[in-house]
Amino acid sequence: MTDVTSPTRGFPTRLDFLVRPLLATGVLLLGLWATWFLFLRSELGQVVDDLTLTGRGEPGLPDALTRPVLGVVSAPYIIAAGVVIVGIALLQRRYALAVAAAALYIGSNVTTQLIKGLLDRPDYGAVLAYGNSWPSGHTTVAAAIAVCVLLVVPARGRGPVALVGTLYMVLTGWGTVVAGWHRPADVIGAFMVAGAWYGIVESIRRCVPSQYVVTDPVRTAARGSARSLDVIAGIAAALGVGILAATALSLPGTGDVSPGSGLAQWAYIGSCCGIVAVAAGVQRLLLAVGPHR
C-alpha cells in the first residue's frame, strides 16, 4: 500500500526519506572509484579495456544504430537540452526543482571535464597508446540529460522515462566505443558521475525545509519499469562479468594480444553487456530513490 504523509512544513520526519538518496550517492561514488581503480590503475584492467576497441570490427549494424544518436551531441544540442529540462520544471511552477536540475546538469558535465583533466592513466604498455579519456564527455551529456528528465518529470512518468533514459544512455555509450572515441570504462564512469550528481542534488533538496509529500519510492505506475530494469541489469551484468572474467583469465602471461583477435572480440561483447548493465542499474537505483513531491 502506498505510504503518503500529508504535506508538512519543516524537515522530513522519516529517516529513509533522506537516507535513500545518500545511499544512492555513496553506491555510485564507490562504483566510480572502483571503475577508476580497476581499469585505469590496474595493468590487467587497462589491457581488457583496450582490447574492446580493437575487437569492435568493421562498422556495421552497431554503427548504424548509434551514429544518429551520437551525432547530435554538439554545443547547441547541450544548451537546448538544458533549456528543455529546466523548462519542464518551470512549466510545473517548481522553481527550486528547476535550479536543482540546472545544478545536476551543469555539475555532471563540469565534473567529468575536471576529472579528465586532473587524473592520469599510468602507461603500463597496454594495447593502445593514447592516454586518459576517462570519463567520456559525450556519454556524460547523455547520462545527465537522462537523469535530469527523471528528476523533473511528474511522478507518474518516472517509470517510462527511466526505460527510455536507459536506452539513450546505452546507445550513446555504445556509440563512443563503436566509433573508437572511448573505452568502455570511460562510458561507465560517465554513468556514475551523472547518477552521483542526481543523488547529491536530491539529498540537498530533502534537507531544505519545504512542503513535501513522502511517497512509496517505486510508485505502482513505475513498478513494471523497475522490474524490467532489474531483469535487464541482472542478465547484462551476468553476461558482462562472465565474459570479461573469462577474457582476463585467457590472456597470455605477457598480456600481449593481437588487436582484432577472437579474444578482443569477446572483450568487446562483454564490455557492451557491461555498459547495458550499468546504465540499467543506475536508472533503477535512481528510480528507487523515489520522487520528492
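Which residues of the largest nonpolar core touch the most other members? In this predicted model, local features need pLDDT of at least 70 and side-chain atom pairs count only at pLDDT 80 or more, while totals for chains, interfaces and linings use all residues. Residues are numbered from 1 along each chain as its sequence is written, and side-chain values use heavy atoms, with hydrogens and water left out.

**Nonpolar cores**

The largest nonpolar core has 66 residues, and those that touch the most other members are Tyr105, Leu151, Phe191 and Tyr198. At least two residues of this core come from each of a set of helices that includes H1 (15-39), H5 (95-118), H8 (184-207) and H10 (262-289), and H10 gives the most, with 12 residues. A nonpolar core here is a set of buried Ala, Val, Leu, Ile, Met, Phe, Trp, Tyr and Cys residues joined through side-chain atoms within 4.5 Å, and helices are DSSP runs (H or I, at least four residues) numbered from the N terminus. Buried stands for under 20% relative accessible area, exposed for over 50%, and partly exposed for values in between (1.4 Å probe, protein chains only).

Tyr105, when its neighbours within four places in sequence are left aside, is in contact (heavy atoms within 4.5 Å) with Ile78, Ala81, Gly82, Ile85, Val141, Ala144, Ile145 and Cys148. Another core, of eight residues, lies apart from the largest one, and Val47, Leu51, Leu244 and Leu251 are among its members.

Rings of Phe, Tyr and Trp (its six-membered ring) pair if their centres lie within 6.5 Å, with planes under 30 degrees apart counted as stacked, over 60 as edge-to-face and the rest as tilted; the count comes to one aromatic pair. The ring centres of Trp33 and Phe37 are 5.2 Å apart and the planes are at 15°, so this pair is stacked. Trp33 and Phe37 are four residues apart in helix H1 and are therefore separated by about one helical turn.

**Accessible residues**

| Residue | Relative accessible area | Class |
|---|---|---|
| Trp33 | 47% | partly exposed |
| Phe37 | 41% | partly exposed |
| Ile106 | 53% | exposed |
| Ala96 | 61% | exposed |
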